[in-house]
Structures are given as structure tokens and as C-alpha cells.
Amino acid sequence: MSTTISLVTGASRGLGREVARRLAEEGHTVLAGVRYPARWSPLPGVEMVELDVADPASIQAAAAQVKSRFGHLDVLVNNAGILLDPTGDALSMDVDLLRRTLETNSLGPLRVAQAFAPMMAKGGRIVNVSSGGGQLSAPSTWSPAYCVSKTALNAITVQLAEALKPRGIAVNAVCPGWVRTDMGGPGAPRSLAEGADSILWLVLRATHDLTGGFWRDGKRLAW
Ligand SMILES: NC(=O)c1ccc[n+]([C@@H]2O[C@H](COP(=O)([O-])OP(=O)(O)OC[C@H]3O[C@@H](n4cnc5c(N)ncnc54)[C@H](OP(=O)(O)O)[C@@H]3O)[C@@H](O)[C@H]2O)c1
């Protein structure tokens with residue numbers, strides 16, 4: 001019997017690396033998407049795949065590689081993300097910085113889903129790692145480009161969920177909470193394990209009929 005094939009983007013460090021490690025522990029065949037292969041330090045049961053989510057050619061090459069090596073994909077965790085504007089507000093937001101943030105945080109996951117969904121079958125799952133910062137129902141001035149990119153990712157999640165419903169592929173967005181990673185900083189209240197738990201719930205425990213939602217710790221969030 002074949003194992004579950006799972007791809008995690010942005011798996012060189014932080015939440016992506018922890019999710020990849022934990023999925024391998026669960027017995028999945030795990031592919032770690034990494035943009036700079038020289039920086040990859042191996043994990044047991046995890047295979048590195050070169051994948052820069054901001055580079056369409058890199059996405060196409062990774063998809064071709066996975067297709068020829070495994071033939072299909074069961075789980076896609078769109079985790080790679082950047083936060084370039086910890087300060088400022090919409091009036092001072094640098095539009096080029098917003099464009100770069102959207103390329104990685106919103107268009108990246110969309111392009112990766114477009115490239116890999118054709119090799120996913122009924123029962124497949126796509127998990128987009130979003131953020132409470134993207135909630136339109138809880139606005140703030142914090143990190144405006146990052147928040148706009150995660151709101152866009154949430155909208156893309158809903159669109160993908162509708163498009164993939166007829167094929168039985170579940171698509172959801174998840175917030176890991178505020179986590180102690182390079183992005184979250186040392187003062188964040190949550191451990192890597194707690195943040196990864198929030199993401200892994202959608203991969204390992206959520207019933208498959210749940211699609212098109214936004215979740216944290218297994219509970220639905222308002223958009
Ligand atoms: N930490 C938090 O408190 C928090 C809260 C809410 C949501 N999130 C979300 O959780 C996800 C993971 O965050 P984190 O805290 O683990 O961040 P992190 O420690 O900064 O790690 C980010 C990861 O994304 C990768 N990455 C960035 N741009 C990429 C690209 N173009 N192609 C491929 N990989 C790329 C990085 O690779 P390199 O090593 O090559 O730079 C790194 O592996 C992000 O989507 C983030 O927005 C985090």
C-alpha cells in the first residue's frame with residue numbers, strides 16, 4: 001500500500017520544517033519545498049525538493065519532478081511566507097513591497113495549487129497557512145502589506161475550495177497563532193509545536209467534508 005505523499009512549502013525552517021518533521025513521524029512520505037537547497041539540513045524521512053514559490057519556473061520544475069517520481073500528491077501545505085513590513089500603515093505602505101509580499105504569500109500558494117492540483121485525487125487536501133492578520137473582521141494597522149496578502153490568500157482559499165469541490169479535494173486556510181519562529185520573534189506566546197498542531201489538525205484530523213473555511217486550533221475563524 002502506498003503512503004500519503006505530502007508537500008510542505010517553505011520547509012527550511014520555522015513552522016514548515018516542524019510540520020514536515022511531524023508528518024514524517026506520522027508515516028507520510030514528505031517532500032520539503034526549499035528555495036535555497038544549500039541551506040537545507042536533512043530531516044529523517046523527509047526529501048528536499050527545490051521550490052521557490054515566488055518563481056513560476058521553479059514551481060513548474062518542482063511539479064514535474066514530483067509527478068515523474070511519485071505520480072501523484074495527496075497533501076499540499078502552502079506554508080512559505082514573508083513579513084516585510086512590521087511597522088507602518090496603509091498610508092505609508094510601500095506599493096513595491098506590497099507587490100513582493102503578494103507574489104510570495106498570495107500568488108505563490110495559488111500558483112503552487114494550480115501546478116499540483118492536477119496530480120491530486122479525491123480525498124486530497126490543500127492547507128493554506130494564513131494569519132489572523134488577514135481577518136477583515138478584526139482590522140488593525142499592523143503590517144499592512146502582510147495582512148493584505150493574507151486576506152488575499154483567504155479569498156484564494158475560498159476560490160480554490162469551490163473549484164476543487166467537484167473533485168473531492170478539501171481546501172482550507174489556517175492560522176497557527178502567534179508562534180516563536182524567526183517571523184514571530186522570541187516574545188511570541190506559542191511554541192513551534194503549538195503552531196504546528198493548529199496546521200496539522202487540518203491535515204490529519206479534520207473531517208474531509210470541511211472545505212473553504214478558516215481555522216485555528218480546530219475552531220472556525222471569522223473571515
Ligand atoms: N510565526 C507566526 O507567529 C505566524 C503567525 C501567523 C501566520 N504565520 C505564517 O506561517 C507561515 C510560516 O511562518 P514562520 O513563522 O515559520 O516563518 P519563518 O520562520 O520566517 O519561515 C518562513 C519560511 O518560508 C520560506 N520562504 C519564504 N519565501 C519563500 C519562497 N519564495 N519560496 C520558498 N520558501 C520561502 C523561508 O525560506 P528561507 O529559509 O529560504 O527564507 C522559511 O522556510 C507563514 O506563511 C507565516 O505567514 C506565522
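In which sense do strand β4 (residues 75–78) and strand β5 (residues 125–129) pair, and over how many bridges?

Modeller: They pair in the parallel sense, over four bridges. First, some ground rules. This is a predicted model, in which local features need pLDDT of at least 70 and side-chain atom pairs count only at pLDDT 80 or more, while totals for chains, interfaces and linings use all residues. Residues are numbered from 1 along each chain as its sequence is written, and side-chain values use heavy atoms, with hydrogens and water left out. Strands (E, at least two residues) and helices (H or I, at least four) are DSSP runs, numbered from the N terminus. Two strands pair if DSSP finds at least two bridges between them.

Now the details of the pair. Leu-76 faces Ile-126 in β5. Asn-78 stands opposite Asn-128, also in β5. Next, the other side of β4. There β1 runs parallel to β4, joined to it by three bridges. Leu-7 of β1 has Leu-76 as its bridge partner in β4.

Step back to the whole sheet. It is open, with eight strands and mixed pairing, in the order β3-β2-β1-β4-β5-β6-β7-β8. Its edge strands, each pairing on one side only, are β3 (46–50) and β8 (219–220).

How is β4 covered? In a regular strand the side chains alternate between the two faces of the sheet. In β4, Val-75 and Val-77 lie on one side, with Leu-76 and Asn-78 on the other. These four residues are all buried, and both faces of the strand are covered. Buried means under 20% relative accessible area; exposed is over 50%, partly exposed in between (1.4 Å probe, protein chains only).

Leu-7 has a relative accessible area of 0%, so it is buried too. Contact means heavy atoms within 4.5 Å. Beyond its neighbours within four places in sequence, Leu-7 touches residues including Val-75, Leu-76, Val-77 and Phe-116. Its C-alpha atom is 5.9 Å from that of Val-30, 23 residues away along the chain.

For the angles, axes are lines fitted to C-alpha atoms, for helices over the stretch in contact, and angles run from 0 to 180 degrees between N-to-C directions. Helix α2 (residues 56–70) lies across β1 (5–8), β2 (29–34) and β3, at about 140° to β3. Helix α5 also packs on the sheet. It touches β4, β5, β6 (170–174) and β7, and its direction makes about 165° with that of β5.

α5 has a helix partner as well. The axes of α1 (residues 14–25) and α5 (residues 192–205) come within 9 Å and cross at roughly 55°. The two helices are therefore oblique to each other. Angles under 35 degrees count as roughly parallel, over 145 as roughly antiparallel, 65 to 115 as roughly perpendicular, and the rest as oblique. On the α1 side, the contact includes Leu-15, Val-19 and Leu-23. On the α5 side, Ala-196, Ile-199 and Val-203 are among the residues involved.

Gly-213 sits in the loop between α5 and β7 (214–216). Gly-213 counts as buried because its relative accessibility is 0%. Among its contacts beyond four places in sequence are Val-171, Asn-172 and Trp-223.
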